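Here's a quick briefing on how the parts of this model meet. Have a look at the structure first, then read on.

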Amino acid sequence: MGKVLMKGNEVIAEAAVHAGCKYFFGYPITPQSELVAYMARRLPEVGGLFLQAESEIAAINMVCGAASTGVRVMTSSSSPGFSLKQEGISYLVGSELPAVICNIVRGGPGLGNIQPAQSDYFQVTKGGGHGDYNIPVLAPASLQEIVELIQDAFDIADRYRTPVIIMGDGMLGQMMEPVEFGEYSEPIGQTKDWATTGTRGDGAPKIISSLELDAESLEKRNEQLQEKFALIKEQEVRYETYEIADAEYILVAFGTVARITMNAIQKARKHGVKVGLIRPISLWPFPDKPFIETRNKVNGYLAVEMSAGQMIEDVRLAVNGCAPVGFFGRTGGVVPSQEEIYEKIMSFAGGLPV
Amino acid sequence: MTMKTVFKKTSGLTEKPTHYCPGCTHGVIHRLVGEVLEEMDILEDTIGVASVGCSVLSYEYFNCDMTQAAHGRAPAVATGVKRVLPDRFVFTYQGDGDLASIGISEVIHAAARGENITVIFVNNAIYGMTGGQMAPTTLVGQKTATTPFGRDIHIQGSPIKVCEMMATLDGAAYIERVSTHDVPHIQKAKKAIRRAFETQKEGKGFSMVEVLSTCPTNWGLDPSESLEWVKENMIPIYPLGVYKNKVGGK
């Protein structure tokens, strides 16, 4: 299969099909509606099932049901709808059920608007629902990267029995780029002996539940979950660096914003400012390593986000006071321009407040 | 003289002792469901979905694969299971707070889609687990922790009659309301549960049995007074009978 020109939302859907996902439960919301419509068309072709739920709440709970049978399953939404899924996501974590959930983030809070944003960073990386938990979050910056990360997302979900979030923004969902899909993959060979599919031929009844009425039992369960999160932190960190070998200043950005910063970096370098980029691909676990390696060498970091400053908190934790951390962000669905990022780089490098 | 077994515990339930209060009919309803699953020989092909409320631990009592759902969402979870495994039997077991209040949307849409699942809906006109608060099915005038002066239609509105409402949906194939206040009614309740699972077996669509039940603890009555209360106060408001039957037969 050669390269095809597709819209981001459709790439997410097709990549999921290629990753062996045959079940999708969704609810329409802009700017991810093409994803739902694509699945409605596509899944019957591969012997799968698309079902439009009556709400995002119902959709995530249908995902819980399908996941409990051991199949690869997905749902998607955008910010307000993603908020509604939080209860179900907490149950997925508590019941240790694998699933992939996509959030094509739009401007908030409240109904906000339908323009691109990254202001759900806290919500996706810090738990989001009730209870002590983290979920692996992958943030693609291009349509080709979506193809890779969707496959990874389903593999991580199965490997650790956890929901995995794909976080994009409205721009990623709406843009068109040529992409190439690999072979169709069957789910990697874990036997899901925990799945509730009826007991015929497999012994005693199984139970999928997140309830532990006894405090010490629930604490033990939490400790087991924390061990799993620690393992994910060790194994599933993903990031990319750009021009950091000689960098005196490092920008930090993810998703589509990272692409815009790369042009600004090239322009700043032409003007003699040695600047590079760290692009977190896994937002949780956050990539501390490239910061630890650079924080005693560089003059400062500049976090660039489509929010009022959320990822910057993780940047500060990773930098741990070793260098100044500046911020530039646009909110409300405004996409920062290459020119304004360039100007912020120049002021930051010139010692001016940003 | 040969000994004949006239009664034994159903293999549809586990050995675990239930946590239900004395006089609560959840135990009876569990047994009826367990017996039907055993008699239809479908225990190994069944996945039950437990809800939130007094019956939250039902996953420990039904002797089949079980999944525990968030409050009110059992019909959505059951939908996910059934759509992946259409040849298995899938049922939910929900109380009136779970189904008729927070989960009314999920159960209505499951019925509207004609989901081929069975819902066992236990209506005792009160929230039991949380300590006796008003449910959507609480009777007018009934005192609860949150209607200390009695349910007032001008303040809290009127009870929701779930069977009557669900029967209006084309996707609902079998809807019946039964009671557990005496032995003849318990026997009728079992027949209704059996018909609901047979509806699912025949692939006819959504089936639901509403079972009128007791809550001696939160009603402040003893067990026998509670059974009488169901008969005298609940049945006139929640008439028993078949509200929808696409399957035919009696």
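This is a predicted model: local features need pLDDT of at least 70, side-chain atom pairs count only at pLDDT 80 or more; totals for chains, interfaces and linings use all residues.

Residues are numbered from 1 along each chain as its sequence is written, chains are lettered from A and ligands numbered from 1 in the order in which they are written, and side-chain values use heavy atoms, with hydrogens and water left out.

**Chain B against chain A**

- On the chain B side, 34 residues are in contact (heavy atoms within 4.5 Å) with 33 residues of chain A.
- The two chains bury about 2600 Å² between them, 57% of it on carbon and sulfur atoms; buried area is the accessible area (1.4 Å probe) that two parts lose on being put together, summed over both.
- In chain B, Glu44(B), Asp65(B) and Val84(B) lose the most area to chain A, together 23% of what that side buries.
- There are 4 salt bridges between the chains, a salt bridge being a side-chain nitrogen of Lys or Arg within 4 Å of a carboxyl oxygen of Asp or Glu.
- Glu44(B) also turns up here, in a salt bridge with Arg200(A) (3.2 Å, N to O).

**Strand pairing across the chains**

- Strand E9 (residues 207-208) of chain A pairs with E2(B) in the parallel sense over 2 bridges; strands are DSSP runs of E with at least two residues, numbered from the N terminus, and two of them pair if DSSP finds at least two bridges between them.
- Ile207(A) stands opposite Met66(B) in E2(B).

**Domain 1 against domain 2 in chain A**

- An automatic or database assignment sets the domain bounds, giving domain 1 (4-190 + 209-235) and domain 2 (240-349) of chain A.
- Taken over C-alpha atoms, the centres of these two domains are 27 Å apart.
- 32 residues of domain 1 of chain A touch 25 residues of domain 2 of chain A.
- About 2400 Å² is buried between the domains, with 59% given by carbon and sulfur atoms.
- Gln118(A), Tyr121(A) and Phe122(A) supply 30% of the area that domain 1 buries against domain 2, more than any other three residues.
- The count of salt bridges between the domains is 3.
- Arg259(A) and Glu177(A) meet through their side chains in a salt bridge (2.4 Å, N to O).

Definitions and conventions: Helices (H or I, at least four residues) and strands (E, at least two) are DSSP runs, numbered from the N terminus.
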